[in-house]
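Subject: Structure handover

Hello,

Here is the structure for you to look through. My notes on charged side chains follow below it.

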Amino acid sequence: MIGQQPSQQQPQDMRKMYKLKLVNELKKTGFIKSPRVAEVMFQVDRGEFWGSGQYDFNGNPQAGKDFINKDAYEDNPRPINFNVVISAPKLHSFVLDLLEDVLTPGARVLDVGSGTGILCACFYEMAKKEDGSANIVGIEHIEHLAQVSFQNLSKSYSKQLQDQSIKLVVGDGRLGFPEGAPFDAIHVGAGTPQ
Ligand code: SAH
């Protein structure tokens with residue numbers, strides 16, 4: 001219709017576009033080799049784990065769940081707090097590719113240094129059973145960060161937190177998590193000076 005404004009792109013369309021661009025980039029650079037990993041990297045929305053509700057699409061500070069920071073969809077590590085970063089997507093996809101063979105339905109997975117919780121979501125997507133249940137444990141030693149990761153995961157994985165398909169534990173990952181052992185895969189994202 002003459003004079004009609006072009007329809008505004010919805011936040012979910014923008015997210016989809018950013019995610020597709022990121023996944024395609026990671027495929028091109030060789031960090032994603034497997035189609036299954038590509039699917040999971042697309043499905044798990046990094047904007048829910050970093051920068052959510054901070055800026056609108058023009059970079060203006062905003063509040064509210066519909067606003068996302070497009071930097072979340074770039075292949076860079078980003079600071080969160082407590083001198084900690086959310087790792088770059090290339091690292092997440094590298095880990096998923098490496099562990100793909102053991103991340104079968106029902107696999108028991110321990111993520112040491114779970115930070116924002118993003119890899120717990122990725123591991124869940126890789127190792128969930130047909131009925132939607134899984135055995136993913138994230139262990140993080142900074143309590144406040146574990147709480148933030150709970151909030152992050154609650155956006156799309158509240159049911160899984162509730163039924164403990166994804167479990168977040170505050171503790172020292174160096175001690176493992178004997179209550180949940182044995183694990184089929186243990187990923188250590190926590191750095192150590194030694
Ligand atoms: N995969 C996470 C990585 C976060 S960085 C992400 O991309 O979000 C590493 C995390 O390890 C930090 O959150 C840090 O607090 C945590 N960490 C470091 N030493 C730890 C330890 N001994 N036990 C548990 N968590 C630890």
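A polar contact here is a pair of N or O atoms within 3.5 Å; within protein, one must be able to donate a hydrogen and the other to accept it, and residues adjacent in sequence count only if both atoms are side-chain atoms. By that rule, the side chain of Glu125 makes a polar contact with the side chain of Lys128, at 2.8 Å.

Some ground rules. This is a predicted model, in which local features need pLDDT of at least 70 and side-chain atom pairs count only at pLDDT 80 or more, while totals for chains, interfaces and linings use all residues. Numbering runs from 1 along each chain as its sequence is written, and side-chain values use heavy atoms, with hydrogens and water left out.

More on Glu125. Glu125 sits in helix H4, residues 118-127. (Helices are DSSP runs of H or I, at least four residues; strands are runs of E, at least two; both are numbered from the N terminus.) Glu125 counts as buried because its relative accessibility is 12%. (Buried means under 20% relative accessible area, exposed over 50%, partly exposed in between, with a 1.4 Å probe and protein chains only.) Leaving out residues up to four places away in sequence, Glu125 touches Val40, Gln43, Val44 and Tyr157. Contact means heavy atoms within 4.5 Å.

Now the salt bridges. Side chains of opposite charge can pair when their charged atoms come close. The rule used is a side-chain nitrogen of Lys or Arg within 4 Å of a carboxyl oxygen of Asp or Glu. The count comes to eight salt bridges.

- Lys21 and Glu25 meet at 3.9 Å. They are four residues apart in helix H1 (residues 11-28), so about one helical turn separates them. Lys21 is exposed at 55%. Glu25 is partly exposed at 35%.
- Arg36 and Glu100 meet at 3.3 Å. This pair links distant parts of the chain, 64 residues apart. Arg36 is in helix H2 (residues 35-43), and Glu100 is in the loop between helix H3 (89-99) and strand E3 (108-112). Arg36 is partly exposed at 31%. Glu100 is buried at 18%.
- Arg174 and Asp172 meet at 2.9 Å. Arg174 is exposed at 77%. Asp172 is partly exposed at 28%.

Best wishes
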